[in-house]
Amino acid sequence: MTFNMRRNFFKQSFLGGAVLLFYGSSLFGAVEPLKTLALVQEDLFPKAKELEVDTASYLLLILEHSRVSSAKKEFLRNGVQWLHEESLKLYGKLYYNLSQQKRQDVLQEISEYSWGEFWIESLLTYSMEALYSDAVYGVNKKDAAQKWLGFHSGEPHPKRAYL
Amino acid sequence: MTYDICIIGSGAGGSPVAYELSRAGFSVVVLEKGKEYKEEDFNKDELAVSRRQLFTPELKEEQHVIYELDENKKRTRYVGSEEQWSFWNGSMVGGSSNLMSGFFHRLKPNDFKLLSAYGKIEGANIVDWPISYEELEPYYEKVERVVGVSGEVVPHSFLEPRSTEQFPYPKLQENRVTEWFDRACNSLGFESIATPRAILSHTALERNSCSYSNFCGSYGCATGAKGSGRAALLQKCNATIITQAFVYKLESDATKVTKAHYYDADFKTHELSAKIFVLAAQAIESSRLLLNSKNHFFPHGLANNEKQVGKNLIFSAGGAGEGRFRFEMLTKEQQKELMEVGVFFNRSLQQWYEYKKSGKKIKGGTIDFLFEHQDLIPRIKRAFYDERGQILWGEALAQRVHKELTTSRVLNFEVFNDWLPTDECFIGIEEDVKDKYGIAVGAIHLYSHPHDREVGNELAKKAVEVLKQMGAKEISYSISSSPPSNLVAGGCRFGENPKTSVLDKNCKAHALENLYVTDASFMPTGGSVPYTWTIYANAFRVADILLKRLKS
């Protein structure tokens, strides 16, 4: 399955559907989880872009995996809602409509909550998996992250992706 | 067709029996729950093997229910799939021996007579084994030759008696930091031992030598150097192996097992007949199968009329610790030595396998040292938090990850000591929780005797002394009551008395004429080393017993 096909599939799946936001006691609107998660990943570890690793595509791949539990997937989706709600509370705007500095403020704020800390840790973990994934997974074609750490992957390499 | 031997499970307990009996011309069938992988199928894909646990069942399909009894006698129930608490180790041909690190130590003579040598301990069901070290020694030696153990025998306080002077295969190449270790031990008066490994250091036994790939434990071996039951034994015999065959029931009459019933990958049921059945599905699952095989003659489960099946479950007690070496305290040459990867850090201490405290002789254990596993994601995750425990991201995280992984390295140690058998640690059945086949799952009742942690702490303090002497910083350790899921034994202990044991000294069920158990279930006490070498050796011993029986 190509990434575009996967992306199309995911647009119809749980991360593709809109997340409803409440501000105070009333419905504020809806946000796109995929767009949010991709931006948060970039904000959390901009080095990935420098290393030419497509962390957002990896997230799409991994969240389709049968061994990633529904609870973990649901938590990521819920985190999107809570992040935007925190952003609305602090600045009256959605997370992805904030400046870079204010987005960092929101991340700092949510990291004080246990859900926020764990949500950040989860996203960072998936980003790191992308960074050090084998070329067969298609998101880290240049091994730049391995070179950055002087890390030699074990051999033999996989012949096919286990996804 | 009725086979001569039907073996359930193809790991270290089952593969020696399959190897010996099929090579002697008997018809042998092995029923293995997992798939078959060969050398060419193995690779070092951390995402698949370590992050997504490719070789173990998905917990939502197959799991255990765990009951933990704490020191205050409070029991807590955990459902494996909800807590992500897994006791699976490797469902595949050759079982978890494919994924072991292959730290091979023999038991010592006193491990066979723990009760006689060290006396009773309140609250623990300590017994002597019905066989001696001397009876098992020829089979330890056989494993060295046939499975392949590399190492170097050096004299030390607790070197067990050997029938040969040296290992048949020379020790593996070592990281030069072992020289720092040896010097530290020398100055402390400690006896450094090169850890024997079930890994071939050169091409032999129709298998390739180790390629020093830097990823060994948890990974299948792509060269065949690691002495898995598959590479060393099953691939060299013509036993019939039926894969993806989950045995859910053994059928019996009053005296004999008659059939094994199993599901295939499509959930279709099959049955198979044999003259002799050998159970080796790993300790927890072997007891579970017996307990789930109730019938008119055995209403409490097969071979369980005395209600001993599942009792006296044991693990390896102890824990782990570490120290970090940072570039700023090392010379350029030392930095280079520290970061050398691929080659092994094979060092152990057994000087306190027995020690004295307040004039009393205490059974101690083994300390193995090794570099932190090369899996990258766990090492990076450790850098997610700063010294104050605050989560990092952005440039601060990038800098910390880079510093931790490129200018420092962690040396770990693992403590192995006896997990004393007790009435509170056992395997049962959780009738209300079923696996994907609709079969009731195993209930693992955990309890660790306080004595286990006392001994573990004594040993850990010795390891800390070595790390300090080597110059390591940030030293820490944890000795806990948490069981290592890959070091499990007991549940069908062997012994002379049918009232207090499931198996006789030949590992045949007291209650049945043709049922043998050859995984670690037979062990009434576990010794203070990893179990695999002893499982292999005992399975070869039972194979000899079966050969004599079938030939007579």
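Modeller: Let me start from V17(B), which, once its neighbours within four places in sequence are set aside, is in contact with I5(B), I7(B), V278(B), T518(B), A539(B), V542(B), A543(B) and L546(B); contact here requires C-beta atoms, placed from the backbone, to lie within 7 Å. The model is a predicted one, in which local features need pLDDT of at least 70 and side-chain atom pairs count only at pLDDT 80 or more, while totals for chains, interfaces and linings use all residues. Residues are numbered from 1 along each chain as its sequence is written, and chains are lettered from A and ligands numbered from 1 in the order in which they are written. As for confidence, chain B averages a pLDDT of 97, with 100% of the residues scoring at least 70, where pLDDT is the predictor's confidence in each residue on a scale from 0 to 100; the model scores ipTM 0.92 and pTM 0.96.

V17(B) belongs to the buried part of helix α1(B), together with S15(B), P16(B), A18(B), Y19(B), E20(B), L21(B) and S22(B). Helices (H or I, at least four residues) and strands (E, at least two) are DSSP runs, numbered from the N terminus, and a residue is buried if 20 or more other C-beta atoms lie within 10 Å of its own, exposed if 12 or fewer, and partly exposed in between. Because 8 of the 9 residues of α1 (residues 15–23) of chain B are buried, this helix is largely enclosed by the rest of the structure. The cover over those buried residues includes β1 (2–8), β2 (28–31), α7 (229–232), β9 (269–279) and α13 of chain B. After α1(B) comes G25(B), with a positive phi near 100 degrees.

V17(B) and A18(B) also stand among the residues with the most contacts inside the largest nonpolar core, which has 124 residues, the others being I5(B), I7(B), V143(B), F277(B) and A303(B). Such a core is a set of buried Ala, Val, Leu, Ile, Met, Phe, Trp, Tyr and Cys residues joined through C-beta atoms within 7 Å. Helix α13 (residues 532–551) of chain B gives the most to this core, with 9 residues. Another core, of 39 residues, lies apart from it and has I110(A), Y126(A), L376(B) and L397(B) among its members.

From here one can turn to the contact between the chains, which takes 28 residues from chain B and 30 residues from chain A. On the side of chain B that touches chain A, at least two residues come from each of α2 (46–51), α10 (376–382) and α11 (394–406), and α11(B) gives the most, with 6 residues. By class this side has 15 nonpolar, 7 polar and 6 charged residues, where Ala, Val, Leu, Ile, Met, Phe, Trp, Tyr, Cys and Pro count as nonpolar, Asp, Glu, Lys and Arg as charged, and the others, Gly among them, as polar.

Among the strands of chain B, β10(B) is mostly covered, 13 of its 16 residues being buried. It runs antiparallel to β15 (residues 408–418) of chain B, to which 11 bridges join it, and A320(B) stands opposite E414(B) there; strands pair if DSSP finds at least two bridges between them. Strand β18 (residues 473–479) of chain B is likewise joined to β10(B) in the antiparallel sense, by 5 bridges, with R324(B) opposite K473(B). With β19 (residues 488–491) of chain B, the antiparallel pairing of β10(B) covers 3 bridges, and K311(B) has G491(B) as its bridge partner.

The loop between α8 (283–292) and β10 (311–326) of chain B holds P299(B), which counts as exposed because it has 9 C-beta neighbours inside 10 Å.

Terms used:
Contact = placed C-beta atoms within 7 Å.
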